[in-house]
Amino acid sequence: MNKITLGNMASRIPTEADAYIYLETLRWPEKPICPHCGVIGDHYYLKPENGFSRGTTRGSVSERRVWKCKDCRKQFSATTNTVFHGSKVPLRTWLFVFFEMCCNKNGIAAREIARKYGVAPKTAWFMTQRIREAMANDSSGKLSGNIVMDETYIGGKPENWHKNDPRRAKDGYSTAHKTPVVALISEETGEIRTKVITTVSGPNIRQVIKENVSLATSILHTDSAGVYRTIGKEMAGHHVVNHHVGQYVTELSDGTNKAENFFSQLKRSISGTHHSISPEHLSRYVTEFAYRHSTHGLSDTERMVRLMAQTPGVRLSYRPLTN
Ligand SMILES: [Zn+2]
């Protein structure tokens with residue numbers, strides 16, 4: 001795969017048909033893979049009768065490139081069973097937006113996508129959410145080794161709330177109106193897992209660690225908060241840096257610095273790019289950040305190819321997002 005930039009993408013995919021060919025090279029670098037039966041092979045390309053486009057079941061015309069599996073005999077294209085499937089947005093636009101979200105360190109706001117690519121604001125927002133779902137569709141498994149964990153609180157600027165906002169009533173703690181987010185980072189690889197939780201408690205923290213970390217082969221590094229104590233005993237080790245006595249690094253890790261850096265970048269970006277994010281959507285934004293952070297060692301091109309491999313199986317309808 002040649003280096004991908006926005007500029008060379010624009011020249012390589014002037015039409016929808018080119019966008020399909022491009023997606024095929026990203027998803028099937030060797031031979032087409034049938035999404036129905038998984039066979040990699042010399043499937044048949046179904047040339048459109050007019051050599052250019054074909055009618056769709058919806059009665060419109062599409063330049064979609066269709067293949068027929070030589071094994072299961074079913075038809076498919078590079079978009080079958082992926083986030084792109086059934087979308088009315090041109091594949092070209094999807095590819096540009098994917099690339100922007102892969103490579104902009106601070107992400108890109110839906111309103112900017114709407115303006116830049118001429119799609120409705122609601123459509124742009126939906127596209128970004130689907131791309132975040134693909135980013136979450138990561139199958140790299142549990143972390144192991146030296147794991148740094150920390151928590152932070154995001155959102156809620158009470159000074160912006162209306163004077164009758166019910167959230168004011170339960171204010172009192174500085175974190176009462178904010179949403180807790182935890183991050184787990186591998187000291188060795190920089191891979192990161194995140195989770196938005198309702199409250200920072202021992203059982204919640206334990207649950208997040210169990211879902212994301214191999215307990216027997218991992219050493220946990222945290223600050224001295226009590227919520228890590230119980231789960232720490234179930235792991236290969238638990239190192240605590242005591243910030244109260246000015247300790248920030250240990251022999252095995254640089255304390256919780258990696259997590260703190262991640263959180264500060266996340267917060268800067270949320271306020272700079274997205275301004276504010278409602279608590280119910282926060283987890284998708286955090287996932288997007290974690291994805292770029294985990295893949296910081298890859299080039300933009302490698303990150304894009306990797307994300308394309310995560311698009312199968314991700315289909316998100318509008319309803320679960322807005323419920
Ligand atoms: Zn097949």
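Which helix has the lowest confidence in the chain, and which the highest? I started there, since this is a predicted model. Helix α11, residues 318-322, comes out lowest with a mean pLDDT of 46. Helix α6, residues 202-212, is highest at 96. I also noted that residues 316-323 have a pLDDT below 50, and that this stretch makes six contacts in the model beyond near neighbours in sequence. Where pLDDT is low, the predicted coordinates should not be read in detail. I am leaving α11 alone, then.

For the chain as a whole, I wrote down an average pLDDT of 85, with 86% of the residues scoring at least 70.

**Sheet**

Next I looked up the strand order. I found an open sheet of three strands, running β1-β4-β5, with antiparallel pairing. The edges are β1 (44-46) and β5 (75-76), each of which pairs on one side only. I then checked how β1 is held to β4 (residues 66-68): three bridges join them, and the two run antiparallel. Which residue of β4 is the bridge partner of Tyr44? I get Lys68.

**Positive phi**

Most residues other than glycine have a negative phi, so I went looking at exceptions. I have two in my notes.

Arg73 has a phi near 70°, although this residue is not a glycine. I place Arg73 in the loop between β4 and β5. Is Arg73 buried or exposed? I count 11 other C-beta atoms within 10 Å, and exposed means 12 or fewer, so Arg73 is exposed.

Asn81 is the other entry, a non-glycine residue with phi near 60°. Asn81 sits in the loop between β5 and α3 (91-103).

**Helix pair α5 and α9**

Last, I turned to a helix packing. Two packed helices are described by the angle between their axes and the distance between the axes, so I noted both. Helix α5 (residues 121-136) packs on helix α9 (residues 279-294) at about 55°, and the axes are 9 Å apart. On the α5 side, I list Gln129, Arg132, Met135 and Ala136 as making the contact. Their counterparts on α9 are Arg284, Thr287, Glu288 and Tyr291.

Conventions. Residues are numbered from 1 along each chain as its sequence is written. This is a predicted model: local features need pLDDT of at least 70, side-chain atom pairs count only at pLDDT 80 or more; totals for chains, interfaces and linings use all residues. pLDDT is the predictor's confidence in each residue, from 0 to 100. Helices (H or I, at least four residues) and strands (E, at least two) are DSSP runs, numbered from the N terminus. Two residues are in contact if their C-beta atoms, placed from the backbone, lie within 7 Å. Two strands pair if DSSP finds at least two bridges between them. A residue is buried if 20 or more other C-beta atoms lie within 10 Å of its own, exposed if 12 or fewer, and partly exposed in between; C-beta atoms are placed from the backbone. Axes are lines fitted to C-alpha atoms, for helices over the stretch in contact, and angles run from 0 to 180 degrees between N-to-C directions.
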